[in-house]
Each structure stands twice: as structure tokens, then as C-alpha cells.
Amino acid sequence: MTSRWRLLSVMGVMALMFSACSGGGATTSPSAAASGAPSAAPSEAASPSTAPSEAAAPVTITWYHIQNNDPGLSLWKALADEYMAAHPNVKIDIQVNENEAFKTKLTTLLQQGDVPDLFQTWGGGGLRQQVEAGLVKDITADIASWKDTINPGALGMYQVDGKNYGIPFDLGLVGFWYNTKSFTDAGITTPPKTWDEFLTTVQTLKAKGITPIALAGKDTWTGAFYWAYLAVRNAGQAGMEKAVVSGDWSDPAFVKAGEQFKQLIDLKPFQKGFLAAPWDGAGSGAAAMATYNGAMQLMGQWLPGTVNANSGGSRAMGEGLGWFPFPAVEGAAGDPFDGLGGGNGFAVGKDAPPETVDFLHYLVSLDAANRWGALNSGILPTTNGSEASTTDPMLSLVLEGRAKAKFVQLYLDQATTPELGGAINEAVATLYAGTGTPESVAQAINAAAGQ
Amino acid sequence: MATDVGSSSRTGRNLRAWGVAGLFMLPALALYALFVLFPIVQAARFSLFDWNGLEALDKFIGLANFERALADPVFLGAVSHNAFIVILSLAVQIPFALGLALMLNRKFRGRAILRLIFFAPYVIAEVITAIVWSLLLQPNGLAEHLLTAIGLEDAYSPWLADTDTVLIALFFIITWKYFGFHMILLLAGLQGIPREIEEAAAIDGASRWQGIRYVTLPLLGPTIRVSVFLSIIGSLQLFDLVWVTTRGGPVNFSNTMAVYMFDRGFVRFQFGYGSAVAVILFLICFVLALAYQRWVLRRDTEGATTYG
Amino acid sequence: MAEPTTVREAVAVVDRRAGPGARVRVRRIAGSVLRYGVLLAVTAVIVIPVVYAVLSGFRDAPQLAANPVGLPNPWVWTNYTDSLMSASFWVQLRNSAVVAGLSTVVVVLFAALAAFVIARREFPGRELAYTVFTLGLLFPATVAILPLLILVRDLGLLDNPLGLALPEAAFGLPLTIIILRPFFRSIPKELEDAAALDGCGPLGFFFRILLPLSRPALVTVAVLAIVASWNQFLLPLVMLSDAGNWTLPLGVTNFSTQYTTDTARIVAYTSLAIVPALAFYLVAERQLVGGLTGGSVKG
């Protein structure tokens, strides 16, 4: 940018900041949320002006999060209000966006140089890109005093080169959800523990005329879960970390993963029309499972909510659902309890005021985490000691699995760069669409990583 | 001959013409240069860099992005899909819209309602189109039920989920959505043809079909040619509907150039590469547009027959 | 008379019995039946998805999932009523209307002015100007979003309807000019000469004669501009922050979250959103029917 443009952009940013300041208090973007709830107009912050004893200068924190519906929406707001009440000089400007819209919005904000003070991040390669562009604050020193309160595995996902750039508030695990009725109908009494047992289970279901697996082929990240888990099993923690960090995906373990996935695909276990099924909504994989048109689905911890929403009212939350962890692969290098998962966290912008980290600490305090757990909304808090607050039996199963896992691999399209992540999803899709081979998949991924 | 008798010299007349023309065009040109040309030129600049959108714009790589795109089978596949859609659009969409426009041009009861209904798909947002059609075409959806009801159960297959049929199914949805655009354009053109001419032809003994073929269609020529042009360009730039319906899938079998560009450029954070794809798309459209302007639209600009 | 043994004889018998011109009449009736049959089939294919969309708004997501094809059962009114009763819907509606109105007025006026001279005046570089205007149609606008955003921000027009309307109008110029040009060309020169004789300059001719005569074309481009602005999503997303400025397409995103999508709610909301655009089309459509009165044009 020429210096003239730079001046203009600085003025533009300042103009933006001033307008944000004059907004007064926390403004939550109203959402036409849950049915029956009238939308909230921008709320007034009741904080009085600074008391004479407080010499602290007024500070504004812009906060972007994606929990755009209740209950999360209200909980975040409540926490912000509480913090502002305790720190009258701090104003928190909340901007809420839906997941996909947020990604676009953040990209343009970052490109303009308007880095929010506190914003949603999923860690991994996406965060790394932002760090390398110098947009995120290194908070290693700031959190030193309390970082042990956070689940270390989750915290690791928000580190870049050993330094902390983000704090998680949620970590879930991908596992197999299944319709208990379908299993009973097929005479299956225990969920499979190894991959071979799993394949047998699929065949048993198929023989009884039950569609074994619901897959959302249109959203390629769902199919990639299978390949990723098999990769984690075959390559183990060491192999996965090496590949993700170095960009070298030539390990034969990755071809093996493809071969094993192909064994499953060859059994033709998916529901009719799966290649066009989105993961949620009408015609989705979730709907298929809800209507017993798919006995099992490899999915994250949010599935019960989606199945409930898609079930025609016939299934309460979690009703008739069971969960078992991804089976072990006999003879593979990886620990059989290793997991694949991911969650949400917050990163701090490079120009954020110091109060931001303190506010962030409040957001992931044990009390806040317990309140999140109690909502049973699918957010599984990562603050140590908060596990008991999650009472939903389904979610508790997932938490158990997470606790057993010594290593949790972040979803591959998050752990690597967006570029490679997209390539991985696409390559794996060729396997279940029938246009690729295990070798071609590994090659494509390696080639994309080398770019 | 806009200028009146004032200046006799040729330059004087040219200046005059430019003066009036310039003034009239100024608002449009200013707005356009600022909000369209300037950003486009900037964006085209990105294509020469390896840029992930976040770091500084400093990794100059020349034409490497272009080479990469032209060598990528996924991109080339997208180009072929676009070509396919262009051809189908010209063969199917335009005649269809024309036929409907002709039918809706005659007075009959309920014409206004029909025009509204036929235009409605164009107004509906792409997202809803995708949702509704996905619901209609999915297994156990309306299409399957209807076919079963008339005994053609075997004719159904989940077309959007099959790599062999997804592009055609997508084209069907595209036609549903966009034919209304061409229809109202052609209707507007038909409005400009006075009744008397058609009546005169009828008096002269022409059948309805002959009247259409020899009188109406030629007079509608300029509008048809514009419609065809817009159809070609629109087919090449196709993005929104494809993105929300299939995202170019399954496995890139319904990919278009613009979808490829958005996926690689925005979603995968390779803005330099995405810009390069955009420039390639632009060049393809540009060449076609120039050729079209020169050979097809030329007769409309010549001014001999239709101007007055 | 012998019984007819060939088709030709049979037809001849029918002809004689039915009277002269019968065959033509039958053909005409058959033609009408065919025409109406085609029209009916086409209408069905076009209408069913639209009706389906509207009806789906009366079901809830579980119904849609369980039985995609059924009628609403029970009829869920809340999707529609909640939207109609939520203040944010009306705010977004107003914002969408303001932006659409602004951008349409600007684009139609500016484009008409430009198309007028491009269509009817000889001047050096005319074809070049036309080509330059068409360029905007050939470049996928999404790529230009970032430089555009920086520009709008530097102009201080973020979170401002003008910041949306002006770029939308600018990007609508190519299409509008392309459509208007042949229409403007078809107005006979004689009218212009006659106007000049009456002392009317080009501007006067433009406003008093050309524009009124071009009503079908103007209405068409206005409708197209409104629809384009109404459904714009990317531009408002990146240019608006304050939810009080959101347009309707942005409002729809609130029915999706990180993990769920309320399809029925989305469908209901969007079905409501298209009503104003369709209403405008109905009103505008009257103008299309008006058209040219005979005689004033062909001298």
C-alpha cells in the first residue's frame, strides 16, 4: 500500500475504533434466535462511570464469537456483563456471527488490519497462518500463572512453535454414534472393538437389511474422519505430528489408512444418495440416522443434538443412541485410545489491551466452564475439573473417551493449512466416490503438502 | 448526428459530440471506475503473488499461479463443465424462455399471475433454491414419489449424488432458476413491437407461425442477441447456485471455474492463486465478448436498419 | 356408399360430414390443446418447487427430515409468525429496502444516461466505452471484494447503506447498459429531430421523450437491479458490522449455528423475504403491459 493509502487506512481504523467506543457498553448483535424469543435490541450496559478510587483508563475490548444461538449466546453475554460489572472501566463490544459467515468476516477484517481483540479460533494450521502474519498476540507469559488449569492436550492445539496464542474452551472427540435399536434388531450385543470386528458388524447389519452407515458425502470433512482416524491408528502420535509439522506425508501408514478405509467402502455400507447428502438439515446424514436409515455415524460430540433436531419429534435428545470409540487397528503403531477431535477457543489480537487476557481467563475459569458443562449443549469445556458439570449421559461418554486419550489429533483440515486441509478432504472423497485409490489419495495429499 | 448546426469543422463537431457524450457518461464512468475498475485492477495484481491473504503482499512469483491453474486437471474439468453449460443454455434455456415469452405476450386471463409465477424462481435466493431442489431430488423426495405414482419407479435415481448425472441435474436447476430473467427481457422486447405490424402480416395472409418467424423474431433480434450474450457470460461466471447446491461436487464433477476460484482462493486461503483463476476466467469471457460484439452485435451497432 | 376402407376414405367421410373447414378447426383446437398442455406442464414444474418452499416453511425441521414430501402436519405457524413478529426482521427488511432502492435509482439513472449516448451518438471511442463497461460483467466480483472493502472503508462508508448501494450500483452498470442500449437505439431518429426542431436539447429529449417511451426496458432493468441487491450476501456481510444495519440475507444466517441448521425456519424467513421483491415486480409488471401506443413511433 502506498503511504497515502496507509494514512487513509489508519484514519479508517481510528474512525472504526471511535465509533465502537461511542457505542456504549456491550452491544450484542441481536439474533432472531430461538422461536418465541423476541430479538434483543442492543442492550445497555449498566456499568456506572469509573468510581473516583479507580484510576484505570477506559478500555474497550472487541470480541467476536460464533455462539449465535441460545444457550451459548446468553451465557457469553452474562459472563461479559459480570466481568464489566467487576471492572467498570472495561467495555466489551460483542460481535456475533454464524460459523461460516464468521470465517469470511474475520478474513476481511484481518486483511484490512482490523484485528479484533478477542476472536474465535479453531487452532492448528489456521491459527499458525495468523500467527505467522503477525496478527496474534503471544500470550505465553500472560497465562503462565494459570495455564495449568486448562487441559494440556487441548491447550496444545492452540500453540504454535511451543508458544501459546490461544486458549480453548471446548474440545470434543469424534466417535461412532449408533442407533441402539438397529444393533438390537441385527442381534449385535456389543459394539466392535477392533477394525475387523467393525467390518463384521457392518456386514451383519447389511445382511439384516439395515443400512450400516450414514455418511454426508456432500460435506467432505465427514468422510475424511474415517481416513484421519485410520491414519492416527497406523501412524501413531509420532507419525501424525511429523507429517503435520514437516509436510511430509509419504509414510506408508497413510496408504495403509486408505486401504483399510477402502475395505469398508467396498462393503457398500452407506445410505442411498449419500454423495449428495449434507451433514445437517433435510436429506442429511443426520436425518438419515434419525430415521434409522443408517445405523452408525462417525461424528463429533454434537450429533445427538442434530439427530434430535432432525428426528421428526420422535426422538428425544440422545434417545436410542449409543457411542463407542473408534476401534483399534490390530498391529498398528498408534495407541488404540488416541482420538481425533477439535473444538473452539479464543485468540488474542496483536493490539489487544492487556485486560483482554484477564477477561479471557474469566471466560475459561472453572465457574464459567461448569456453567457451560451444565448447559449440555455440545460444548465440552476444557478447564480441568469441569468434567462433572456435564450431566448428559451421551456427552459423558464422549468425555470419558476424551479423558482416556493420551493424544488427540486435531481434525486434519484444521491441523494443517486450509489449503492442505481442503486437499485432504477432496482426496479422501475420491475414495468413497470411487474415482481414487489408496495410493492416489496419499500421493495427492503429499503433493498438496509439498506446494 | 447529435450536434446541431453550430460548428462546421470536423474536430469541432467531434468535440461537441464528445462534450455531450462525456457529460452524459460521466456519472456512470466515475462510479464505475471507482468501485469496479479500481478494485478489479488491484485484485488482478494479487494474481502475480503467492499470498495467503494475511501476511504482507511480498512473494512475487510472476505467472506461476497461471501455470499451475492451467495444469490442474480439476480446473480444466471445471472449464469443460462451463462449456457444457453454455452450450446447453443456448440450446435449451433461450428457446424455452423465448417460447414462454411469446405465449405470455398474448392477452389471456391469468396472464399477470403466470408472469409472476414464472419470474418467482429468479427472485428466490440461491440458498433456498438449493435447499428446495435438494429436498425434491433426494431419495424419498418428491421426485421419487411422483415417478413411483405414475409407475416409473425405476426411472428415479439420486441424480445429484451420482457423478454421471450431477451436471445435468444441476443444469436443470439452473434453467429453472434463471429462465425467468431471459423471459422478462424478451417480454420487454416484445412490448416494443407494435401490434399493427403483426396484424398487417396476418392480413397479408401469414399464419401465426409465419408471422412470428418472419416479422416478430427479426424485430426482436437485438433483444435476443443481448439475451444470448448474457446467457453465455452468465454460464461462464456461474457461481452462487452451484456453490450452495453441490459445491462443485461430488468430487468436482459439477465444478465451475468460479466455484473452483472461490474454493481455492477464499476457502483455502490462497488469494493469489484465486485471483489468477479469476483473471483466466476474465480473459476467456473477454475474448468471447469481443468476438461476439464484433460479429454478432455489429449489425445492431451499424445503425442501418433498426435505428429509427 | 361403400364403407371406407382406407384412412383417406375415412377422412373424406368425416370431412363431408363435419363440413368445410372442419379439419382446420380440429387442427387449431389440437394446437390449442397442445399449447395449453405444454403451458400447464411447464407451469407445474416451475410452480411446484415454489409452493413446496412456501409450504415447507409451515413445517418444522423434524417434519422435514422425517417426511420431506408431506404436507405440513401439524401446520407450524411459528416459523412465519416469529419472523413477522421479530423486530429484527422488519429492521432488516427496511435496510434491504433502503439499499435496494438507493442502488436501483442510481444504477438505472446513471446507466440510462450512459446508454443514451452510447446508443444514439457518434463519437470517437464509443465502442471502446461500451467495451469498457462490459468488462465489469466479465470479472467475478467476489475476487475484488477485498480491495473494494478497503476502498469503502477509506471512504468512511462502512456500516452505511451507501457503502453497499454504490458498489452494487456500480457493478450493476454493465448489465443495465447492455440491456438498455438496443432499446434506446430503437427509438426513431425522427422523434429526436422533431424534438430538436421544437427547441428540445438532448437532455430534454432524454427526460421527456426517451425515458417515457422506454418504460418496459426501464422497468425491466429496475426489477433486475432490485432483485440483485435484495439477494446480495457477501457485500453486506463484509461491510456491515452493527446488526442494526443488517440486510435480510444476513438475518438468515442466524438460523444456522456451528452445529445445526434450522431448515424450516430458513425457508420460512426467505419465503417472506421474497414477497416485497415479487410485489414490486407485480407493480412494475403493469408498466410492461402498457407498452407503446400505436402511431407515435412508426412515423
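Where chain B meets chain A, 30 residues of chain B and 25 residues of chain A are in contact, meaning that heavy atoms come within 4.5 Å. This is a predicted model, in which local features need pLDDT of at least 70 and side-chain atom pairs count only at pLDDT 80 or more, while totals for chains, interfaces and linings use all residues. Residues are numbered from 1 along each chain as its sequence is written, chains are lettered from A in the order in which they are written, and side-chain values use heavy atoms, with hydrogens and water left out.

The area buried between chains B and A comes to about 2200 Å², with 63% from carbon and sulfur atoms; buried area is the accessible area (1.4 Å probe) that two parts lose on being put together, summed over both. On the chain B side, B:Leu54, B:Val251 and B:Arg268 lose the most area to chain A, together 29% of what that side buries. Three salt bridges turn up across this interface, each a side-chain nitrogen of Lys or Arg within 4 Å of a carboxyl oxygen of Asp or Glu. B:Arg268 pairs up with A:Glu426 in a salt bridge, and their closest N and O atoms are 2.8 Å apart.

Now for chains C and B. Here 97 residues of chain C touch 96 residues of chain B, and the buried area is about 8700 Å², 80% of it given by carbon and sulfur atoms. C:Leu138, C:Phe139 and C:Arg185 supply 8% of the area that chain C buries against chain B, more than any other three residues. As for salt bridges, the rule finds zero between chain C and chain B.
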